[in-house]
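Welcome! Please take a moment to look over the sequence and the 3D view before reading on.

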Amino acid sequence: MRGAAKPLLITIVAIVALVALMDSNSPKGADKTTVLQVYCAAGIKVPVAAIAKAYEEEYGIKVQLDYDGSGTLLSKLEVRNEGDIYIAADSSYTDIAIEKGLVEETF
């Protein structure tokens, strides 16, 4: 597998796993005002947008996507102290998020 393809594949698998985990907490026909806030590295915008659209259609839950650089998103997460999923381009950013107590778990 090429150098850039492997991390992208791992990221997509992680996103699918997160969506599967959210399934158990998201009843069909949920209130449209329910919003899932996702901070996502801009480099994987296309696959994440497709997954978010499919999730919205299946579960009726709005997915609010915030694309930017991983460091910028980490700062937003820290300042806003809100969000449901943080998808960084590199594990070094999730390591920082763990150290700062900004995330509950990582995949």
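## The chain as a whole

Please keep in mind that this is a predicted model. The chain holds four helices and three strands. If you walk along the sequence, these elements come in the pattern α-β-α-β-α-β-α.

The chain has 107 residues, and 32% of them are buried. Its accessible surface is about 6,800 Å², with 55% of that belonging to carbon and sulfur atoms. Contacts also tell us something about how the sequence is brought together: among those between residues at least 6 apart in sequence, 68% join residues at least 24 apart.

## Two helices side by side

Now find helix α3, residues 70-80, and helix α4, residues 91-99. Their axes are 10 Å apart, and the two helices pack at an angle of about 15 degrees. Angles under 35 degrees count as roughly parallel, so α3 is roughly parallel to α4. The crossing of α3 past α4 is right-handed.

Which residues make the contact? From α3 come Ser 70, Gly 71 and Leu 74, while α4 brings Tyr 93, Ile 96 and Ala 97. Sorted by class, the contact of α3 with α4 has four nonpolar and two polar residues, and no charged ones.

## Lys 76 and its partners

Stay with helix α3 for a moment, as Lys 76 is found there. Setting aside residues up to four places away in sequence, Lys 76 touches Tyr 39, Asp 66, Asp 68 and Asn 81.

## The loop between α3 and β3

Asn 81, a partner of Lys 76, sits in the loop between α3 and β3. Is Asn 81 buried or exposed? Its relative accessibility is 64%, and exposed means over 50%, so Asn 81 counts as exposed. The backbone is worth a look here too. Most residues other than glycine have a negative phi. Asn 81 is not a glycine, yet it has a positive phi of about 55 degrees.

Gly 83 lies in this loop between α3 and β3, the strand of residues 85-87. With a relative accessible area of 37%, Gly 83 is partly exposed. Leaving aside neighbours within four places in sequence, Gly 83 is in contact with Gln 37 and Tyr 39. Tyr 39 is also touched by Lys 76.

For the last stop, turn to helix α2, residues 45-59, where Ala 52 has its place. How accessible is Ala 52? Its relative accessible area is 9%, and buried means under 20%, so Ala 52 is buried.

Beyond its neighbours within four places in sequence, Ala 52 is in contact with Val 63 and Leu 65. Val 63 is 11 residues away from Ala 52 along the chain, and the C-alpha atoms of the two are separated by 6.0 Å.

Notes
Residues numbered from 1 in each chain as written. Predicted model: local features only at pLDDT ≥ 70, side-chain atom pairs only at ≥ 80, totals over all residues. Heavy atoms only, no water. Axes fitted to C-alpha atoms, helices over the stretch in contact; angles between N-to-C directions. Parallel < 35°, antiparallel > 145°, perpendicular 65-115°, else oblique. Left-handed = near helix turned anticlockwise from the far one by under 90°. Contact = heavy atoms within 4.5 Å. Nonpolar A, V, L, I, M, F, W, Y, C, P; charged D, E, K, R; others polar. Buried < 20%, exposed > 50% of the residue type's maximum accessible area, 1.4 Å probe, protein only. Areas by Shrake-Rupley, 256 points an atom, 1.4 Å probe, with all protein chains shown as cover.
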